[in-house]
Amino acid sequence: MKQFLITLLLLIVGMPVRMSALSEHAQTLLQRQKKLLHTDSVETFMKVTERLKTVLQETGEEEAFYDAWNNQITYMLDNVSTSQALKMADEMRDYAEAHKSRYGFYIVTFLNAHIAKELGMDDRAEELVQQAIDYRKHNLPNIKPLLQPYFFLSRVYGERKQGDKMVRVIDKALKLSGWSKEDMITLWSLKCNAVICQEPIDTARFMTYHKQLHAIMNNGDYKGNVVISTECYHAQLTHDYARLLELAERLTDKDVRLKFKITAYDGLGRNQEAIDSFKVYKEWTDQQFNAETRKMAEMSALELEAARAGNEAETLRLYQQRMMLIAIVCGLLLIAVFLAIYLRRRLLQMKALKQAYDQLEEVTTQKERIESELRIAHNIQMSMVPMVFPEHDAFDVFASMTPAKEVGGDLYDFFVHGDRLFFCIGDVSGKGVPAALLMAETKSLFRAYASDGSMPDHIVSQINNSLSLNNGSQMFVTFFVGTLDLTSGLLRYCNAGHEDPVIVKEEARFLPVNRILPIGVIANTSYQMQEVVIEPHTTIFFYTDGLTEALNAEEKMFGEERILNEMNRAIQARELSPRPLIERMTGAVHNFVGNTEQSDDLTMLAINYLRQ
């Protein structure tokens with residue numbers, strides 16, 4: 001499950017550096033760093049960590065120095081940005097090369113695996129972990145076993161839902177000697193969490209492993225995010241939502257903490273707190289998706305950096321071998337060795353240049369192919385929503401959809417069934433191809449469940465259950481479904497976390513709505529239907545948050561107040577028909593943002609009720 005995989009990211013952050021034989025000052029700074037790992041105090045954490053690194057560097061504590069640096073980079077990766085973490089990992093690699101540190105190369109290899117996994121490069125992450133294991137075997141045979149290799153391998157297999165393979169990896173690790181008690185607890189927690197990756201979840205097997213975990217723990221003293229996440233899953237499976245809420249507060253990863261809190265609040269019936277937590281979660285995920293383009297650009301750089309780290313480790317090994325040869329050879333033999341090394345390097349450089357050229361040519365071809373496929377995907381997606389707006393004596397309708405990328409996650413639809421107009425508008429979390437796929441599925445489900453004339457709350461409930469069934473990606477959709485009786489003007493509607501529509505007649509005002517959780521979050525959520533009678537010649541304006549959250553150069557949002565002001569100007573100009581109204585709003589938001597790049601999909605739908 002996605003929650004388990006995201007929680008595992010925190011294992012590296014929770015790993016303490018070694019404390020044996022450290023000075024009192026270093027131990028004090030180390031304790032402060034460990035406490036700050038569980039906070040959002042980025043500036044304080046960085047200052048404490050830099051002081052700790054300086055002390056360890058001055059006292060020559062090599063392994064503790066790199067461990068502290070590792071914690072610092074992982075904290076940046078989880079709490080600040082991938083680009084800054086990449087920059088710091090590059091600095092560590094250069095430092096390890098300058099000081100010929102085998103342990104430094106070992107740690108930077110794991111960091112590159114961590115970052116590769118964060119960017120979705122699972123195969124590359126697994127390859128780097130295997131390289132690190134081999135490097136330690138040949139160059140660092142005397143250091144105690146570390147959790148990182150088994151953490152990453154279990155994480156990769158968990159992503160692939162290979163739970164049994166995960167268990168075998170952990171069982172192999174448990175047979176090694178040299179583990180501390182805290183390491184054993186972490187390994188058993190990973191074994192428990194491996195069961196969560198399987199579908200369906202084997203609850204009995206989880207409980208058996210959980211009982212064995214507690215056999216080596218003292219009085220339920222949970223330390224580290226992996227152990228806390230295991231207890232969160234136990235509380236969730238046993239429906240102990242009060243305990244789940246208390247445990248969730250102790251998790252450091254904001255994304256995982258909010259997901260567990262939403263589940264706990266929902267289980268406790270504290271709906272408003274569940275909605276508030278969901279709003280915070282949506283803002284957080286939107287921030288992550290806003291960085292999607294930057295991350296894609298960094299993936300290529302990461303591949304090069306990871307390869308360089310591996311090459312440098314190999315270069316260090318060759319350097320040590322060469323030094324041994326220098327000690328036993330002399331004269332002409334030494335010159336011959338140098339010449340051989342020089343020629344070999346020249347050959348390798350020529351080969352590397354050729355490979356780089358071939359890779360560049362291949363990347364260019366793939367880029368052109370992807371751009372072509374995205375254009376085709378854009379045309380297909382636009383053809384999925386109604387682009388022809390029929391004339392009808394009882395209503396007038398118009399809509400527009402502008403994706404932030406080639407494809408997006410917004411949707412709308414409408415059709416007449418009997419004497420009722422059925423319509424919907426929605427916004428999938430995130431952007432790009434994954435959002436477009438979920439958008440297509442949601443629209444198809446709307447047509448399927450609305451075609452028999454069901455009420456809006458029933459339609460929303462059925463779609464929510466379908467999307468929640470196998471939602472491994474943890475994506476969701478804010479959704480608004482309504483029906484308009486074309487003879488009486490009775491508007492029935494159900495809102496699943498979407499923006500409030502605007503009623504436009506003598507004045508513009510927001511339609512009263514009860515916001516409930518978006519669809520795709522929690523199955524069997526109870527959705528409510530509302531209804532209101534609207535007068536003839538009334539226009540209802542629907543939109544996605546790409547309108548309210550459109551940013552200008554000063555990073556100010558368009559906002560709801562500007563929507564109402566623009567609607568009131570339309571009333572004064574008597575431009576209440578759907579097409580002129582949407583064209584006016586489109587012009588207003590374009591004037592507001594200026595040359596600022598569009599950051600989110602923008603969709604608008606307007607319906608004018610005409611019948612007297």
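Analyst: Let's start with a side-chain pair: Thr603 and Asp410 are joined by a polar contact of 2.9 Å between their side chains. Keep in mind that this is a predicted model.

User: Where does Thr603 sit, in terms of secondary structure?

Analyst: Thr603 belongs to strand E10, which covers residues 602–609.

User: And is Thr603 buried or exposed?

Analyst: Buried means under 20% relative accessible area. Thr603 has a relative accessible area of 0%, so Thr603 is buried.

User: Which residues is Thr603 in contact with, leaving aside neighbours within four places in sequence?

Analyst: Besides Asp410, the contacts of Thr603 include Ser400, Met401, Leu411, Tyr412 and Ile425. Phe542, Tyr543 and Thr544 are also in contact with Thr603.

User: What about the largest nonpolar core: which residues touch the most other members?

Analyst: A nonpolar core is a set of buried residues of nonpolar kinds, such as Leu or Phe, joined through side-chain atoms. Here the largest has 90 residues, and those touching the most other members are Leu56, Tyr66, Met92, Tyr103, Tyr106, Leu187 and Phe260. Helix H7, residues 102–118, gives the most to this core, with ten residues. Another core, of 76 residues, lies apart from it and includes Phe422, Val477, Leu511 and Met567.

User: Could we look at Met92: what is it in contact with, beyond four places in sequence?

Analyst: Among the contacts of Met92 are Tyr66, Trp69, Ile73, Ile107, Val108 and Leu111.

Notes:
Residues numbered from 1 in each chain as written. Predicted model: local features only at pLDDT ≥ 70, side-chain atom pairs only at ≥ 80, totals over all residues. Heavy atoms only, no water. Helix = DSSP H or I, 4+ residues; strand = E, 2+ residues; numbered from the N terminus. Buried < 20%, exposed > 50% of the residue type's maximum accessible area, 1.4 Å probe, protein only. Polar contact = N/O pair within 3.5 Å; in protein donor to acceptor, adjacent residues only side chain to side chain. Contact = heavy atoms within 4.5 Å. Core = buried A, V, L, I, M, F, W, Y, C linked by side-chain atoms within 4.5 Å.
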